[in-house]
Amino acid sequence: MSVNLLKNDELEQLKDYCLKHYGLNYEVWAEVSAIKTKDAIWLVNHQAEAFLCHEGVNEEYESIGLRCFSGVCFPYKITDGFVKIFDNEIKKKKLNLKESQARAMLKGESIPYEEVVGHDGYNLLFIGNTYLGIGLKKGDQLISQIPKALRSQLAKDLEIRNE
Amino acid sequence: MNRNHNMMNAEQIFHNLFTERYRDLIPDFDQFLVSLNKPQPIGLRLNTRFNDKEEFIKRFKLSSSEIIIPISEINYLEVPSENNWGGALEHHLGHYYIQALSSLIPVLSLNLGSENDRVLDMCAAPGGKTTHLAELMNDKGVLVANEPSLGRRRILKASLSRMGVSNCLVTMKEGQNLDFPKESFTHILLDGPCSSEGTLRAPTLRPNKKKDKNYLNYNKEFRKGLHHIQSELLEKAYSLLRPGGELVYSTCTYDPYENEKQVDLLLKKHSDLSLVELNLSSPSPWDSFLCDGVTEYRGEHYSSELTKTKRVYPHQLNSIGFYVSKFVKK
């Protein structure tokens with residue numbers, strides 16, 4: 001895939017977005033470089049970025065660090081990779097779901113707006129302290145973004161825990 | 001009835017083949033045969049980014065009788081096989097990787113942890129060792145994971161993403177055709193393609209599996225092809241390794257032609273390469289589970305240095321069979 005470092009203005013825009021929407025301080029970006037491909041933004045450490053741009057230039061890469069944003073421009077769609085890399089630094093848009101709501105998300109059903117207190121856009125879904133996946137709040141609905149292939153498996157796991 | 005009959009046949013054929021090839025090679029051979037019919041334990045390597053061992057034990061309500069931790073210093077647990085560990089939310093979140101205990105040894109043998117590490121995993125899928133390498137690197141330095149097969153690369157990428165690895169670049173070539181400049185890497189792991197004899201344990205000891213068929217047929221061409229690929233991969237690994245760098249070559253097979261012979265050939269070709277003991281902690285808790293590599297097999301003699309390489313047998317370490325060797329380049 002063709003690989004480009006995010007330009008300064010693009011990176012600033014991304015940082016501003018993450019501060020506004022997820023409470024992510026600018027300092028957390030000091031450890032990572034942002035790489036843009038056709039359809040995603042990847043975050044990788046600086047050593048890997050340097051290797052990519054100098055020592056490993058002859059090779060073709062299929063993945064670079066963690067795929068943190070799906071799409072390369074506003075509005076940014078966060079992925080599980082974003083949650084993994086920034087983890088506790090994320091302060092906003094964390095929704096704690098009731099068990100029935102978590103089940104609905106895992107069935108692929110949407111939850112009516114009035115039942116959750118959240119913000120428009122992509123939210124992190126939790127059940128208790130455990131991260132479950134991403135939900136998109138759009139209009140009057142919260143729509144599950146948990147990969148379809150995982151939903152039934154995770155729903156089953158949730159049932160077993162509550163037995 | 002028919003299935004049982006087939007299974008008996010397969011087991012018998014494996015036993016006969018192993019007996020013919022390895023009776024004189026493997027210590028306590030009868031115990032070895034018995035161990036092949038015992039189920040392989042389920043083991044989890046915990047991702048230290050997300051949890052510690054004690055918390056994990058509490059969360060999954062594991063009683064101490066269920067936890068067999070032969071190597072207490074690593075974040076590894078043997079767990080009850082009834083649980084669907086692959087289906088748990090924590091698995092999806094990357095809190096652990098389901099992995100055989102012996103497959104930790106190649107990664108633990110490398111001295112990792114510097115920001116300047118440039119690490120290559122030449123045959124990386126499905127990603128157990130790759131994600132382990134990343135963890136020991138603390139996500140510093142650079143980890144290049146190569147996997148030529150598209151299907152297996154998908155699994156590798158899913159593993160890297162699940163385990164939250166941020167220092168890894170994935171390439172997709174046949175390992176012997178990698179296009180990095182010479183001496184690009186400080187550490188190389190070559191867990192090469194092999195006949196996988198070490199994985200032939202219950203419940204995988206079944207007929208009609210592709211790899212078992214290869215073994216059952218004892219296809220000489222298949223084996224010869226493997227030897228050629230292994231030799232090419234080792235040669236490439238040598239050229240990509242920096243002076244002062246470390247190369248670990250491992251397989252999950254017992255066959256000395258794929259193990260000691262390959263190592264011996266590489267040593268003879270390159271005088272600046274030498275074998276060293278595996279760098280497991282000292283005094284090594286692994287010692288009682290490891291056997292020295294062999295220096296003689298079916299009339300062939302290998303360097304006495306080969307005793308520095310190690311063999312893992314399932315009747316000694318309750319896991320899959322493995323072979324691990326470690327080189328340094330002067």
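Start at the second largest pocket, whose volume is about 660 Å³. A pocket here is an open set of points on a 1 Å grid over the protein atoms alone, where a 1.4 Å probe fits, with protein on both sides within 12 Å along at least five of seven lines. Grid points are joined across faces, edges and corners, and the volume is the space filled by probe spheres set on the points.

The model is predicted: local features need pLDDT of at least 70 and side-chain atom pairs pLDDT 80 or more, while totals for chains, interfaces and linings use all residues. Residues are numbered from 1 along each chain as its sequence is written, chains are lettered from A in the order in which they are written, and side-chain values use heavy atoms, without hydrogens and water.

**The pocket lining**

Select A:Asp80, A:Pro147, B:Ala158, B:Ser161 and B:Arg162, which lie nearest the pocket centre among 29 lining residues; a lining residue has an atom within 4 Å of a point. Elements giving two or more residues to this lining include strand S5 (66–70) and helix H3 (80–86) of chain A, and helix H7 (150–162) of chain B. Helices (H or I, at least four residues) and strands (E, at least two) are DSSP runs, numbered from the N terminus. H7(B) gives the most, six residues. By class the lining holds 10 nonpolar, 12 polar and seven charged residues; Ala, Val, Leu, Ile, Met, Phe, Trp, Tyr, Cys and Pro count as nonpolar, Asp, Glu, Lys and Arg as charged, and the others, Gly among them, as polar.

**Backbone stops**

Next, select A:Phe74 and A:Pro75, joined by a cis peptide bond with omega about -5°. A:Pro75 is in the loop between S5 and S6 of chain A. Then go to A:Asp87, a residue other than glycine with a positive phi near 45°, in the loop between H3 and strand S7 (94–96) of chain A. In chain B, the bond from B:Ala125 to B:Pro126 is also cis, with omega near 5°.

**A helix pair in chain B**

Finally, select helix H9 (residues 220–240) and helix H10 (residues 260–269) of chain B, which pack at about 40° with axes 10 Å apart. Axes are lines fitted to C-alpha atoms over the stretch in contact, and angles run from 0 to 180 degrees between N-to-C directions. Contacts (heavy atoms within 4.5 Å) involve B:His227, B:Gln230, B:Ser231, B:Leu234 and B:Glu235 in H9(B) and B:Gln262, B:Leu266 and B:Lys269 in H10(B).
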